[in-house]
Amino acid sequence: MTPLLDFIDSHSPRFRDELFSFLRIPSVSARSEHDADVVQAAEWLRDQMERCGLEATIHPTEGHPVVLGEYRKAGIGARTILVYGHYDVQPAEPLDLWDSPPFEPTLRDGKIFARGSVDDKGQLYLHLKALEAYLAVHGSLPVNVIVLAEGEEEVGSEHLAPFVEAHAERLACDGVVISDSAMFAPGLPSILSSLRGLAYFQIDVDGPATDLHSGSYGGAVVNPAMALARILATFHDAEGRVAIPGFYDAVRAWETAVREQMRSLPFDEGAFRHETGASALGGEVGYTTLERIWTRPTCEVNGLLSGYTGEGAKTVLPAKAMAKVSCRLVPDQDPDTVEQLIKAHVAAVQPAGVTVTVTALHGGRPWRGELAGPLFEAGSAALERAFGRAPVIVGEGGSIPVVHDFARVLGAPVLLMGFGLPGENAHAPNEWMSDANYIGGIKAAALLWEELGRR
Ligand code: BES
Ligand code: MN
Ligand code: MN
């Protein structure tokens, strides 16, 4: 053991208690009734940053505030590393499916249950505790550090790219570190090599001026629900490929070596299926499950609304129908291009007798990392020391839109080292973060500063 790791072990009860305080603040970014809670979380975070030895400031945006914590004492010649995370969380509903209330964190079976525990409050806060531990033990950091915490990641980070652009000089850095993802398996530290992007739409189908008696009018008036179903059915072919013309044009081929490396990971397809609770897995023909999630784009219905959905039967021809549809994108697909493609496709297939509107809700670009250089090497070494084995390289199906913006605006490499675990229920009831990974993550994040100082 080293003094740094000793410090973390001996302070872990307090580190856990503080995270619990953070988790008690219901900073749900999607709901305006929680706006004051989001601000409270930002203020709480600012105070904690100050306590860790950072200079902290809150920056209002047109949406939720950005919190910055800065350590500049390494001097102008030293490298600067930016740590990014988000303090907003997904809505907790449906509440009745939680075994303990979402904003009353509890530790059960080594898991910290609470909304935001793993996504992303626990993974953001572990970086603050790592900085606190490092400064307490060593007195100073070998690099300058900026911690950037945003409050609207879960609603699309609309105001973050403009913030990064407006503050590009202040945020200038030599690398970005993000913990907002998962390890491939318990005890197996992981570095992300890619993230998918996102293009999210709402499709509205408007038919008759009002709901109609389905006996008096059915069969003679175009049914918006059926029209929507027919439109959605054109989105895929029988092989599970997206059938929107031009959709795959920008998809970059993945190197054989990368695909082989993915196939060598210890992936248990049966356990994965079991975790989903689905009776069978399904997707695009010709790809493995991990390839489908990590390397292939999708077009999925996220929500459907139309007609009578209450108890029993009601004979009605609905006036309208609506679908939420999102496409996960892979390099080098572009959300704006996908928006044009989907709008053109829907316009081409929509039946007469209804009005169809496609509205883009939000988007983000996909990302692939370099996996080389001092930050990547320091991250690998830190993870190996904290978890006792070298990290594996994994892909990811989810999206963190700002990662592309960091790479683009700041020109810095991004290291994604996540401490979640499969089955963590992010965005779902009973979200949890492994307590061992919370403490292990603090160690890895603290050792990262040591490793960076050596390089
Ligand atoms: N932390 C996730 C991204 C993620 C998901 C990483 C799964 C690893 C595994 C992030 O908070 C998230 O949920 N992103 C959204 C982005 C969207 C709201 C723009 C997503 O992927 O749906
Ligand atoms: Mn997240
Ligand atoms: Mn999330």
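Domain bounds in this predicted model come from an automatic or database domain assignment. For the protein, this assignment gives domain 1 (3–195 + 366–454) and domain 2 (197–251 + 297–364). The C-alpha centres of domain 1 and domain 2 are 36 Å apart. Residues are numbered from 1 along each chain as its sequence is written, and chains are lettered from A and ligands numbered from 1 in the order in which they are written. Because the model is predicted, local features need pLDDT of at least 70, side-chain atom pairs count only at pLDDT 80 or more, and totals for chains, interfaces and linings use all residues, while side-chain values use heavy atoms, with hydrogens and water left out.

Between the two domains, 10 residues of domain 1 are in contact with 9 residues of domain 2, contact meaning heavy atoms within 4.5 Å. The area buried between domain 1 and domain 2 (the accessible area, 1.4 Å probe, that two parts lose on being put together, summed over both) is about 640 Å², and carbon and sulfur atoms give 64% of it. On the side of domain 1, P366, S399 and P401 lose the most area to domain 2, together accounting for 63% of what that side buries.

The count of salt bridges between domain 1 and domain 2 is 0, where a salt bridge is a side-chain nitrogen of Lys or Arg within 4 Å of a carboxyl oxygen of Asp or Glu. Polar contact, by comparison, links 2 residue pairs between domain 1 and domain 2, both at pLDDT 80 or more. A polar contact is a pair of N or O atoms within 3.5 Å; within protein, one must be able to donate a hydrogen and the other to accept it, and residues adjacent in sequence count only if both atoms are side-chain atoms.

Ligand 1 has 16 residues around it, of which E153, D180, R328, S399 and H427 come nearest; a residue is counted as near if one of its heavy atoms lies within 4 Å. The shell around ligand 1 draws at least three residues from each of domain 1 and domain 2. A nitrogen atom of ligand 1 lies 2.8 Å from an N or O atom in the side chain of D180, and an oxygen atom of ligand 1 is 2.8 Å from an N or O atom in the side chain of R328. S399 places a backbone N or O atom 2.8 Å from a nitrogen atom of ligand 1.
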